Amino acid sequence: MTSHIAPTELPAPTHTFTQLFGATPRGARVARLMTVRQLALWGWPHGHEVSEAVTAIVAELTANAATHGRAGGHAFQLRLVVGPGLLQPATLRVEVADACGGARPDPSVPARVPGPEEESGRGLLLVDAFATRWGVADRLYCGKTVWAELDLTVSPADPARPAGR
């Protein structure tokens, strides 16, 4: 195992989506919209609890990459992976990698709850609330990858089966 892959890396993914986005608010928005589309293609349509949780995580992590992870015009990378759940539950993993090695969230330190008047500071609280686990890993050459995983207890919809059956 290389040091840039988190120890919970999925060994044999069944679905993978990877895309680069500009490290801008628009890039973060497009990443969120493409996540909704990709999850629908995999069987979790817009409004499904898995889609809602993953979209919230992607929105927060990509906004952080666009705001805090910008480094000289570099893009950020979004990667979605669904694993088979060999010895653990099936898992959906979100990874957002940026080129900035600076600001590193620490999942072992409880996030500070912002006051009601503060306009920011709730993103990682949301990630922590939706994700089963999350963390930060170094990238191979520069930067970091912030990842979050959801243990899937809800299967995707079977496209061949009508809804409600």
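# A guided tour of the predicted model

Of the 165 residues in the protein chain, 37% count as buried. The model shown here is a predicted one. Among the contacts in the protein chain with a separation of 6 or more, 67% are accounted for by residues 24 or more positions apart.

## First stop: the sheet

Select the strands. The 5 strands form an open sheet in the order S1-S2-S3-S5-S4, and their pairing is antiparallel. Strand S1 (15–21) and strand S4 (133–138) stand at the edges; each has a single partner strand, so one side of each is left without a neighbour in the sheet. From one strand to the next, the twist averages 15°.

Now select residues 91–98, which form strand S3, together with residues 144–151, which form strand S5. How many bridges join strand S3 to strand S5? There are 8 bridges between these antiparallel strands. Two of the pairings may be displayed as examples. Val-94 has Ala-148 in S5 as its bridge partner, and Thr-91 has Asp-151 in S5.

Remain with S5 and consider its surroundings. This strand is mostly covered, as 7 of its 8 residues are buried.

S4 and S5 pair over 6 bridges in the antiparallel sense. Asp-138 can be found opposite Lys-144 in S5. The hairpin of S4 and S5 has 5 residues between the strands, and in this hairpin Gly-143 takes a positive phi near 85°.

## Second stop: charged side chains on the sheet

Show the side chains of Arg-79, Arg-93, Glu-95, Arg-133, Glu-149 and Asp-151, which are linked in a network of salt bridges. A search of the whole structure finds 6 salt bridges.

Centre the view on Arg-93. Is Arg-93 buried or exposed? Its relative accessibility is 2%, so Arg-93 counts as buried. The side chain of Arg-93 meets that of Glu-95 in a salt bridge, with 2.6 Å from N to O. Glu-95, like Arg-93, is buried.

Arg-93 also meets Glu-149 in a salt bridge, here with 2.7 Å from N to O. This pair links distant parts of the chain, since Arg-93 lies in strand S3 and Glu-149 in strand S5, 56 residues apart.

With a relative accessible area of 0%, Glu-149 is buried. Glu-149 forms a salt bridge with Arg-133 as well, and the closest N and O atoms of the two are 2.6 Å apart. Here too distant parts of the chain are linked: Glu-149 is in strand S5 and Arg-133 in strand S4, 16 residues apart. Arg-133 has a relative accessibility of 23% and therefore counts as partly exposed.

Gln-38 has a relative accessible area of 12% and is buried. Which residues does Gln-38 touch, not counting residues up to four places away in sequence? With that exclusion, Gln-38 touches Phe-17 and Leu-80.

Select residues 49–68, the extent of helix H2. Helix H2 lies across strand S2 (76–83), S3 and S5, and runs at about 15° to S3.

The crossing of H2 and H3 is left-handed.

To finish, display the side chains where the two helices meet. On the H2 side these belong to Ala-53, Ala-56, Ile-57, Glu-60, Leu-61 and Asn-64. On the H3 side, the residues that they meet are Gly-123, Leu-124, Leu-126, Val-127 and Phe-130.

Conventions
Residues numbered from 1 in each chain as written. Predicted model: local features only at pLDDT ≥ 70, side-chain atom pairs only at ≥ 80, totals over all residues. Heavy atoms only, no water. Pairing = 2+ DSSP bridges. Helix = DSSP H or I, 4+ residues; strand = E, 2+ residues; numbered from the N terminus. Axes fitted to C-alpha atoms, helices over the stretch in contact; angles between N-to-C directions. Contact = heavy atoms within 4.5 Å. Buried < 20%, exposed > 50% of the residue type's maximum accessible area, 1.4 Å probe, protein only. Salt bridge = Lys/Arg side-chain N within 4 Å of Asp/Glu carboxyl O. Left-handed = near helix turned anticlockwise from the far one by under 90°.
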